[in-house]
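Hi,

Here is the structure I promised to pass on, with some notes on what turned up in it. Have a look first, and then read on.

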Amino acid sequence: MGATASGRRWSGINKAPNPIGIAIGCIVVAAFFAFPYALMLISSLKSREDIARIPPDYLPEQPRWDNYLTVWASNVAPGGALLATTVISVGATLLVLLIATPAAYYIARFRFPGRLSFLFLVLITQMLQPTVLAVGLYQQFRDWRGQLVWVALILINGTFNLSFAIWIMQAFFASIPKEVDEAALIDGAGRLQTMFRISLPLVWPGIVTAIVFVFVNTWNEYAAAFVLVQDPALQPLTVAMPRFLGLYIRDWQYLFTTAMVAVVPVIVLFSFIERRLIGGLTAGAVK
Amino acid sequence: MAPPQRRGRWQETLAALPWLAPTLVLIAGVVAYPTILMAWTATRKYNSYGVERGSAGLDNFIGPAGALTFPTVPIPRILLNTVVWVTVVVFITLVLSLLLAQFLNKPFRGRKLLRLIIILPWASSVVMTTTVFNYGLQPDVGLFNRLLVDTGILDAAYGFTKNPTSAFWVAVFVAIYVSLPFTTYTILAGLQSVPDDILEAAHVDGANTVQRYWRIVFPLLRPSMAVAALINIINVFNSLPILKILNETPGYNTGHTTTTLIFEYKAQLGPGVASALSLVNFAFCLVVIAVYLAVVQPTREV
C-alpha cells in the first residue's frame, strides 16, 4: 500500500499508527504463528541421537540435511504414503473440476425451479464433514480393497469439496456479462462449447482457487483416510505419521522431515489463493 | 436469434439436470447413502464378529450397553467436555480474531507478509501441526517442556499429554490455534467492508476511537462474526485429530469429546453403537446448519 494512500485514509480520523507498536505487534504475531513450523524445521535437521537426548538441546549439533534423503529409505519409507496422498489429492481435484464446473456454470446462467433447493443441498454438504459420517463411510467402502480404497477417498474428498468449488466458480461465472455467451451462441457454438471456449478462460482465477483449495483440503484430510485405510502400504501421509513412533525407535526427526515435505508445498499453493478463500468458504455471505 | 419458446416449469428443471446430475449423484452416493446406512446400522444388533443379529430398537443409543449409557464410559463428563470444547474454543478464537483482524486492518509495511504467516496453521495439515505440539510437550525429549523449565514456569518437565485432563486443555489451545486463520480472515473481510465515510462522519461529530468501534464497526461486523462462529462451531465439534493425537491415554477416559468417542466405540464396540453416537452428532450438525441457513441466508443474493 502506498504511503500517500494510507496517509490520506487515516488523516481525518486517526493519528498515523504508532510504528513501534506496529513493529512489536508484527513480531509477536509472526512468532506466534510460525513457532510450531520453526520447531518442525529444526527437529527435522537433528540426528537420531540428537533428538533422543534428555533433556533436549534447542538446536541440532550440526544440521543434518541428509535426513531429507535418508528418510525415504528408513524403515517407515514414507515415499509410498506421499504417493498415496498425491494420487488421492490429484484425483479428487480432477473429479471436482469435472463435476463442479458445469454445475457452477448452469446455476450462474439460468434460473429454474429447483435451483434454490440445489443450492441448499450443496451448502449442507459443505458444512457436513467426513468425520460425522465416518462410520457410515467405513461400512460403505470397507470392501474396496487394494488401490480401490484410493478411489473411495477420491470420491469422498471430491464430494465434500464440491460445494466450495461450485460456490466460488458460480460467483465468477455470474460476473461475466451474459452478452459474451450470447454472442458465442449466435455464432453457432453449443452451450457446452460456449462454457469451455468462452467462459472458462475468463474465470480462471476462480478455477485456480477451486483447484488449490480442493487439492490442499484433500492433501490434509484425516478422518476418512483414518477409518478406511488399514493397510500400511496404502496409507496417505496424515495416517502414516504415527508409524515413525515405534515402541523402541522413535524417529521424530524423520517424522518431521516427512511433515516438512507434506506441509511446505501446500503452504506455497495456499498463499496464491489466500485472498479469494473467504468468498467461497462463506458461500458469499462475507466478501 | 428467435427467443426460445417458453417451456413449462418441469421442462426447465429437466434441462438443468444434465449439468447438475453428476453433483447430485455424488451427494446421494457419498453423503445421503452413508447417512441412511448409519441410521439402519444404529438400530441393529451385532455380535462380537460384527455380524448382524436382528433389530436392536434403541438399545444402541440408551440400552444397557448403549452409546449414551455404556457403563465404563464417563458419559456426563464427555458431554460436558464437548460443550466446553466447542464454546471455549469458538469464543476465544472469535475474541482473538477480532483483535488480530483489527491489527491487520491497519496500513503498515509488511502487512501482506504477516497475512501469509498467519495462514500457516490453516494451510498445514492439522495432523502435522498437532504432532509438533505433541513432540514439544513430551516430558523427556520435548522442547516446550525444556523451555518451560528453563524460564522457571515449571519446576520439572510435565507429561501434558499423558493425563487426559491436561491433554484436553492442551488440545483446546491447539484447536484455537488452528481456527484463528480462517476466523481472522473472515472478520478482516467484514472490517474491510465498513465504509470509511461513516467513520469519518462519526469522527467529525466528535465520536472517539472507542465509541466509533463499539457503536459503528462492531455492529457492522455482526454478519461476518455470525458466519465465522457457526462455521467454527461445526468444524471444532467435528475435530478428530487434535484430541486423538494429544490425548495419549488409551481407552475411555475423561479427555474425550463425543466425536473422538465415536472412533473409540467403532474400535471397541462395533458398528451399531458407533453409528448411534454418529447419528446423535449428525443431528447436532443439522441443527447448526439450520441456524446457519436461517441466520446467514447465504442463498439470498445468488
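Some housekeeping before the rest. This is a predicted model, in which local features need pLDDT of at least 70 and side-chain atom pairs count only at pLDDT 80 or more, while totals for chains, interfaces and linings use all residues. Residues are numbered from 1 along each chain as its sequence is written, chains are lettered from A and ligands numbered from 1 in the order in which they are written, and side-chain values use heavy atoms, with hydrogens and water left out.

Salt bridges

With a salt bridge taken as a side-chain nitrogen of Lys or Arg within 4 Å of a carboxyl oxygen of Asp or Glu, the count over all chains is 12. E61(A) pairs with R53(A) at 3.9 Å, N to O, and R53(A) is partly exposed at 27%. In chain B, R146(B) and D150(B) form a salt bridge at 2.9 Å, N to O. These two residues sit 4 residues apart in helix α7 (residues 143-150) of chain B, about one turn of the helix; helices here are DSSP runs of H or I with at least four residues, numbered from the N terminus. R146(B) is partly exposed at 23%, and so is D150(B) at 44%. Through shared partners, salt bridges link D50(A), R53(A), D57(A), E61(A), R146(B) and D150(B) into one network. Another pair is D66(A) with R64(A), at 3.1 Å, N to O; D66(A) is partly exposed at 32% and R64(A) is partly exposed at 33%.

Cavities

On a 1 Å grid over the protein atoms alone, a cavity is a set of points where a 1.4 Å probe fits but cannot get out, and lining residues have an atom within 4 Å of a point. Grid points are joined across faces, edges and corners, and a volume is the space filled by probe spheres set on the points. There are 2 cavities of 30 Å³ or more.

The largest cavity holds about 1100 Å³. Of its 44 lining residues, the closest to the centre are Q129(A), N217(A), W122(B), V126(B) and N235(B). Helix α10 (residues 209-237) of chain B gives the largest share of this lining, 5 residues. By class, the lining of the largest cavity has 28 nonpolar, 15 polar and 1 charged residues (nonpolar is Ala, Val, Leu, Ile, Met, Phe, Trp, Tyr, Cys and Pro; charged is Asp, Glu, Lys and Arg; polar is the others, Gly among them).

The second largest cavity has about 50 Å³, and its lining includes T85(A), W219(A) and E221(A).

The largest pocket

A pocket is an open set of points with protein on both sides within 12 Å along at least five of seven lines. The largest pocket has about 870 Å³ of space. Among its 34 lining residues, Y222(A), F226(A), P242(A), K244(B) and I245(B) are the closest to the centre. The lining divides into 17 nonpolar, 12 polar and 5 charged residues, and α12(B) provides the largest share of it, 5 residues.

Enjoy exploring!

Notes: Buried means under 20% relative accessible area, exposed over 50%, partly exposed in between (1.4 Å probe, protein chains only).
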